[in-house]
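Subject: Handing over the structure

Hello,

Here is the structure I promised to pass on to you. Please open it first, and then read my notes alongside it.

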Amino acid sequence: TLVLNHPMAVRNNPEKMLPFYFPQYTPPTVITRDADAIREFHKTHGAVVIKPAFGYGGRGIFKIPESGENLEALLEAELTTGREPLVAQKFLPDVKAEEKRIILIDGQFAGAFGRIPAENEIRSNMRVGGEVVATELTETQQHITEAVGQFARETGLMLVGLDVIGDYLIEVNVTSPTGLVQLKELYGTTPEADFWNVVEAIIATRDSNVQRVPK
């Protein structure tokens, strides 16, 4: 059975933790269940975004302003139940202008689009009303794409979606990297054909008894 993405790579690289492999592109971030550590992080960085470490689709994301309003209530609600750590990240105002989704197929750039949050939202996820727009990558975003692309190919992550705000890498989606439909609709490209061409090439390589094993 051909399995994509490689299960070991998915297990080892949660979406919100994988960016730590690329600290030069990661905004100030802490992942912890220590309430005092989150309080200190907020004190240092002002407005922050707090979200569950294993959340998805924009669920459970909260902005805490510099004043700290609702921080204690949020910590009380999130840390008194369950075992999941929280991600506290410096708030990036550029998210209101555009968050970008970059799709990689077998480590290669397949396309990118912008997502603009709905009014009174900081979440740009399409599930909560984010508007999809055509976009271009900055030079730094191109460097991010190349760095993550090499890592993805070496570790067996064949289809991934990068979330980038400004010149910062926020998440690397490895379990549900949506975006192929949006690329097709925006640019008239055929990312689905690119995907299956790569899959067929991998199958041919496997059948020739040459195995690609992630590091």
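The chain has 215 residues, and a compact globule of that length would have a radius of gyration near 17 Å; the chain has 18 Å, which agrees. The radius is taken over C-alpha atoms, and the globule rule is 2.2 Å times the number of residues to the power 0.38. Along the principal axes, the C-alpha atoms fill a box of roughly 60 × 35 × 30 Å.

Before you go further, please note that this is a predicted model, in which local features need pLDDT of at least 70 and side-chain atom pairs count only at pLDDT 80 or more, while totals for chains, interfaces and linings use all residues. Residues are numbered from 1 along each chain as its sequence is written, and side-chain values use heavy atoms, with hydrogens and water left out.

**The chain as a whole**

You will find six helices and nine strands in the chain. Helices (H or I, at least four residues) and strands (E, at least two) are DSSP runs, numbered from the N terminus. Buried residues make up 46% of the 215 residues; buried means under 20% relative accessible area, exposed over 50%, and partly exposed in between, with a 1.4 Å probe and protein chains only. Of the contacts between residues at least 6 apart in sequence, 66% join residues at least 24 apart, where contact means heavy atoms within 4.5 Å.

The chain exposes about 11,400 Å², and carbon and sulfur atoms supply 51% of that area. Accessible areas come from the Shrake-Rupley method with a 1.4 Å probe, and for residues only the protein chains shown count as cover. As for charge, the mean positions of the 21 positive and 29 negative charges are 5 Å apart. Lys and Arg count as positive and Asp and Glu as negative, while His and the chain ends are not counted; the place of a charge is NZ of Lys, CZ of Arg, CG of Asp or CD of Glu.

In helix α3 (residues 71-79), the buried residues are L71, L74, L75 and L79. They cover an arc of only 100 degrees around the axis, which puts them on the same side of α3. The arc is that of the directions from the helix axis to the C-beta atoms. The buried residues of α3 pack against α2 (35-45), β2 (48-52), β3 (62-64) and β4 (86-90).

Helix α5 (residues 180-187) has L180, Q182 and L183 as its buried residues. Seen down the axis of α5, they fall within an arc of 160 degrees, so they line one face of the helix. On the other side of α5, V181 and E185 are exposed. After α5 comes G188, with a positive phi near 70 degrees.

**Residues and their partners**

P191 is found in helix α6 (residues 191-207) and is buried, at 1% relative accessible area. Leaving aside neighbours within four places in sequence, P191 is in contact with I105, L180, L183 and K184. L180 and L183 are among the buried residues of α5.

L159 lies in strand β8 (residues 159-165) and is buried too, with a relative accessible area of 16%. Residues up to four places away in sequence aside, L159 touches N5, I103, L104, I105, N173, P177 and F195.

A134 belongs to strand β7 (residues 131-134). Its contacts, again without residues up to four places away, are E98, L186 and Y187.

N125 sits in the loop between β6 (108-116) and β7, and at 18% relative accessible area N125 is buried. Beyond its neighbours within four places, N125 is in contact with G57, G58, R115 and G130. The C-alpha atoms of N125 and R59 are 66 residues apart along the chain and separated by 9.4 Å.

Which side of the cut-offs does N70 fall on, buried or exposed? At 53% relative accessibility, N70 counts as exposed. N70 is in the loop between β3 and α3, and its phi is near 75 degrees, a positive value in a residue other than glycine.

D106 lies in the loop between β5 (99-105) and β6. D106 is not a glycine, yet has a positive phi of about 55 degrees. With a relative accessible area of 10%, D106 is buried.
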